[in-house]
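Hi there,

Here is the structure I promised to pass on to you.

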Amino acid sequence: MDVTVSRKAHFNAAHRLYNKNWSDQENSSEFGKCSNPNYHGHNYELIVNITGKINDVTGYVYDLGKLKNLIKVEIEDRLDHKNLNLDVKYFSEINPTAENICVYIYNLLRKKIEDDFKISVILFETPRNFVKYPAD
Ligand code: NI
């Protein structure tokens with residue numbers, strides 16, 4: 001019997017979406033306000049889901065205190081109050097869209113959570129726009 005446990009987290013970060021091979025005009029028509037050359041911020045909300053069996057001894061699927069700490073060290077310390085394009089090397093060549101940030105977060109956590117667990121990440125860029133990886 002599999003059960004999913006989840007933890008919410010939060011970080012603020014700035015970004016700019018653009019393709020360096022395009023003119024400002026082309027970037028603006030593709031990415032709108034998100035291509036503002038002087039960057040802009042988002043209040044990102046994050047949900048990390050971990051699915052697995054309930055441990056007979058602890059009654060936990062996964063210790064949410066441990067997950068809280070993992071998210072702090074692996075995600076918040078890396079991304080909170082950062083300019084994603086300039087401060088996070090991964091995004092120097094990859095557009096920091098919600099999609100790409102979500103995959104980046106997943107890959108960091110995947111390395112730290114044992115393979116017996118399935119994980120997924122939902123990232124809200126705004127209260128209405130959010131992405132999920134892996135896809136359903
Ligand atoms: Ni944006």
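Buried means under 20% relative accessible area, exposed over 50%, and partly exposed in between, with a 1.4 Å probe and protein chains only. Before the findings, please keep in mind that this is a predicted model: local features need pLDDT of at least 70, side-chain atom pairs count only at pLDDT 80 or more, and totals for chains, interfaces and linings use all residues. Residues are numbered from 1 along each chain as its sequence is written, and side-chain values use heavy atoms, leaving out hydrogens and water.

Let me start with Ser35, which is buried at a relative accessible area of 5%. Ser35 sits in the loop between α1 (24-31) and β2 (40-53); helices (H or I, at least four residues) and strands (E, at least two) are DSSP runs numbered from the N terminus. Apart from neighbours within four places in sequence, Ser35 is in contact (heavy atoms within 4.5 Å) with Arg16, Leu17, Asn27 and Ser28.

Next, the metal. His15 (NE2), Cys34 (SG), His40 (NE2) and His42 (NE2) coordinate the nickel ion at 2.1 Å. Donors here are N, O and S atoms within 2.8 Å of the metal (3.2 Å for Na, K and Ca), and since water is not among the atoms, sites may look incomplete. The arrangement is irregular because the four donor atoms subtend angles of 92 to 136°. Four donors count as tetrahedral if all angles lie between 85 and 135 degrees; four count as square planar and six as octahedral if opposite donors are over 155 degrees apart and all others between 65 and 115; anything else is irregular. Along the chain the donors follow the spacing H-x18-C-x5-H-x1-H, and both Cys34 and His40 are buried.

The largest nonpolar core has 32 residues, of which Ile105 and Leu123 touch the most other members. Such a core is a set of buried Ala, Val, Leu, Ile, Met, Phe, Trp, Tyr and Cys residues joined through side-chain atoms within 4.5 Å. α4 gives the most to this core, with eight residues. The buried residues of α4 pack against β1, β2, α2, α3 (84-87), β4 and β5.

Finally, β4 (residues 118-124) and β5 (residues 130-133) run antiparallel and are joined by four bridges, where pairing requires at least two DSSP bridges. The two strands form a hairpin with five residues between them, and Ile122 has Lys132 in β5 as its bridge partner.

Best wishes
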